[in-house]
Amino acid sequence: MSRFNQGNGMRTILITGATDGLGRHLAGRIASRGDRVIVHGRDADRVRRVREEIGGATEGVLADLADLRQVDRMATEVEERFDRLDVLVNNAGIGGGVPGSGREESRDGIELRFAVNYLAGCHLARRLVPLLVRSAPARIVNVASAGQQAIDFGDPLLTKEYGRQRAYSQSKLAQIMFTVDLAAELAGQGVSVTALHPATYMDTTMVRDSGAPILSPVSEGGDATLRLIDEDVPSGRYFNGTREARADSQAYDAEARARLRVLSDDLIRRALGQTTP
């Protein structure tokens, strides 16, 4: 595979879930200003169509984020194909589902929203840290939500009592907890890590499927996300739109974050067939 570099000064920005909704909007805006966009999706035809529609310097990568082996393979592909990565936007996610829907599992047997919304981005970011550090100054932006709920570590995968909104909300809080931890780990290495609630009930497939009312245009969420992609803001922070905000209190509980890290590492190792840390 060919390798790309930043010889002309353009940044290289990977956006997960870039074939629809906020990710598709961001990909178009970023490509139009001359940066290289790595368009991620799980369907090759949709990735190809998006690249054709937005034009510019785009590349594509494929992975089903419900399968951590595919996430791992995608990280390896990005490392092999690109000399640098300036920004990783962990945008891909699934909502609570249609009203009345029940618990689902990923291909790895993990509660689906925890797997896709949180674990996939967590693993991808950690795998790509060396490339991001080599590309510093670089950024990781995690698209979370104001809808947050504390993780019950007695039943984190909701095998005993499932609620679709609870599953979604705890996966989004897990993203913010991960943001706080990774920012601390990368302090002084030139890579910032932030999380945000881009906008409330944007006009996306996820929101329409949930039956919730549309309250915000996708462009509003795009503005907020682009700010974190482009501007220097404090690392390890959570933003509601363009303003720094306070997440659920569990995000600031060091013991809870440590428990999440142990749980996450264990789930990822099992999914990848690894028996030792």
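Author: Thr19 sits in the loop between β1 (12-15) and α1 (21-32); helices (H or I, at least four residues) and strands (E, at least two) are DSSP runs, numbered from the N terminus. This is a predicted model, where local features need pLDDT of at least 70, side-chain atom pairs count only at pLDDT 80 or more, and totals for chains, interfaces and linings use all residues. Residues are numbered from 1 along each chain as its sequence is written, and side-chain values use heavy atoms, leaving out hydrogens and water.

Reader: Why is Thr19 called buried?

Author: Its relative accessible area is 17%. Buried means under 20%, exposed over 50%, and partly exposed in between (1.4 Å probe, protein chains only), so Thr19 counts as buried.

Reader: How do you know that the span of α4 agrees with its number of residues?

Author: The expected span is 1.5 Å times one less than the number of residues. For the 23 residues of α4 (residues 112-134) that gives 33 Å, and the end C-alpha atoms are 33 Å apart, so the two agree.

Reader: What makes α4 largely enclosed by the rest of the structure?

Author: Of its 23 residues, 19 are buried, so the rest of the structure largely encloses α4.

Reader: And what makes up the largest nonpolar core?

Author: A nonpolar core is a set of buried Ala, Val, Leu, Ile, Met, Phe, Trp, Tyr and Cys residues joined through side-chain atoms within 4.5 Å. The largest has 57 residues, and Leu14, Phe114 and Ile140 have the most contacts inside it. Its largest share, 14 residues, comes from α4.
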